[in-house]
Amino acid sequence: MNIFEIKEDFLLNGEPFKILSGAIHYFRVDPSDWYHSLYNLKALGFNTVETYVPWNLHEPKKNEFCFDGILDLERFLTTAQELGLYAIVRPSPYICAEWEFGGFPAWLLNEPIRIRSNETTFLKHVADYYDVLMNKIVPHQFTNGGNILMIQVENEYGSYGEDKAYLRSIRDLMSGRGITVPFFTSDGPWRATLRAGSMIDEDILVTGNFGSKAKENFASMQRFFDEHDKKWPLMCMEFWDGWFNRWKEPIIQRDPQELAEAVREVLVQGSINLYMFHGGTNFGFMNGCSARGAIDLPQITSYDYGAPLNEQGNPTEKYFALQKMIRENFPEIQQMTPLIKPSLEKKNIPLTEKVSLFATLTTISEPIQSKYPQTMEELGQNTGYLLYRTMLEKDGEEERLRVIDGRDRSHFFVNQELQATQYQTEIGEDINLSMTQENNQIDILIENMGRVNYGHKLFAETQKKGIRTGVMADLHFVTNWEQYCLPLDSCEKVDYSNEWQPNQPSFYRYETTLDEIEDCFIDLSKFGKGVVFVNQTNIGRFWEVGPTLSLYIPKGLLTKGINEIVIFETEGTYQPEIQLIKEPLYKEMKEG
């Protein structure tokens, strides 16, 4: 029988075992590339892959579950095992991960609950989810002949709460559904977070998350162990080898040689999980958001992270620096030559059709009537856009209008002409205009740019998207609204036979024939803001503010023959031709 134990060392079937792990999130990598990324992890000499499990993708609507395609966790684990890799799985309700809402499904916002607490209704939702999820995980445990060595109870809980009853409940929900491999928690390496977030009194392994100064951080963890008379191996569960990036900010860099030395310092004392090994992509609307005071700062589509494998999955300078460090300091570790994928280039792909959002609105969405505007969550929508529509009488030569309490970004139209674009703190400011008609159509397009993934604002009212209070004309709230939900999971119902008008949000359809398929990037440097669909798959957001000016297209989304690319653009900017390029494109930005 296979046994993995945690004593003074990690023991694999009774023998000491140093965990050399790298994070690869299956849901951020096209399934056609799982083997490539996992092979490159093995080639570096590592023996384990770590992944989170995102609740919001697996249960996007209450009691509706999805585990196929890019969400086929079992296939991912099997692929890793076939390559000889063990696995660490982190199926906690909350994952952070710079992921939309930290992995929580948006429908929880409709419920009067307290997340990450021992509250009955919240735990019932977790239990319903685990009824399905654990059936996918249990067969892959090491004790059952699979490759999963450890399971995480909760994620950096010491940076959020200290409810030990809640932690025990999550542990019990997992163990009651068949989890038998060891549990662990991961937190910041200082005492306050370890004390609040760990289950050390339950004899559950404590691991730390940090990206440098291993001696100091491991010493802090060791002191905490000593307080509780624990003789455990030291492990950094998230060694941050790079960092995530936000819109309007320069790409964060880390020197490869400095990283290699910092990793060596960890390996001298303990085990490691590189976060990330392959970052991948926040496809669709799954980017997370940072909270800074009153402002939420959404992250970009690329989750390249400055990792040893780039967004495409190919080795970087960091990979080769780590490879050299391991070869020189740990010669007993076997390495192989990594795989490198080619890219394609296709220039001057012509625009074939275009249509304004207003002209095709009723083919892609059905109106929902209400007296006052409803939020995205009240309308049963998780992510994407919402269009609010009403009619307004002209009261004077100049009108004063305001959107009260809306998130995140608003385009305000009168008779389909743009009057104002507002973002977060600007929403609520006066929109002064003159109306040309006695009765006027008001359209407000709201974009949900991502919910926060970390900190005290996780379940705040600000994470409800759309218009939360209402729209005021003069000093009164306007009533009688139509709402058009635009989740934009695909764009197959767009009707291009209708008209296009300049300076309106619009869909632009391009078509190209490919004789061979490889990875590529789409150049979006001459577009404003929006999302891109490749053969009906939403590959993510773009924005001219940078730092990225392209989006990654994995070859798994392309086909030999005709391929369709649709760009939904909200700023009124488009091009008669688009380019597929071999490398990502960045905007020159200065620090500070």
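D408 sits in the loop that runs between strand 17 (399-407) and strand 18 (409-414), where strands are DSSP runs of E with at least two residues and helices are DSSP runs of H or I with at least four residues, both numbered from the N terminus. The peptide bond leading from R407 into D408 is cis, with omega near 10°. The model is predicted, so local features need pLDDT of at least 70 and side-chain atom pairs count only at pLDDT 80 or more, while totals for chains, interfaces and linings use all residues. Residues are numbered from 1 along each chain as its sequence is written, and side-chain values use heavy atoms, with hydrogens and water left out.

A cis bond also joins Y275 to M276, here with omega near 0°, and M276 belongs to strand 11 (residues 271-278).

The C-alpha atoms fill a box of roughly 80 × 55 × 45 Å along the principal axes. Of the 592 residues, 61% count as buried.

In soluble globular proteins, nonpolar side chains tend to be buried together. The largest nonpolar core here has 115 residues, and F122, M150 and F239 have the most contacts inside it. Such a core is a set of buried Ala, Val, Leu, Ile, Met, Phe, Trp, Tyr and Cys residues joined through side-chain atoms within 4.5 Å. Helix 4 (residues 120-137) supplies the largest share of this core, 9 residues. A second, separate core of 23 residues includes L392, I431, V478 and W481.

The largest pocket has a volume of about 870 Å³. Its lining is made up of 34 residues, with L57, G284, M286, T383 and D489 nearest the centre. Pockets are open sets of points on a 1 Å grid over the protein atoms alone, where a 1.4 Å probe fits, with protein on both sides within 12 Å along at least five of seven lines; lining residues have an atom within 4 Å of a point. Grid points are joined across faces, edges and corners, and the volume is the space filled by probe spheres set on them. Helix 2 (55-58) and strand 28 (537-543) are the elements that give two or more residues to the lining of the largest pocket.

The second largest pocket has a volume of about 620 Å³ and 29 lining residues, of which Q253, D304, G306, N310 and Y586 lie nearest its centre. Strand 29 gives the most to this lining, with 3 residues.

Definitions and conventions: Buried means under 20% relative accessible area, exposed over 50%, partly exposed in between (1.4 Å probe, protein chains only).
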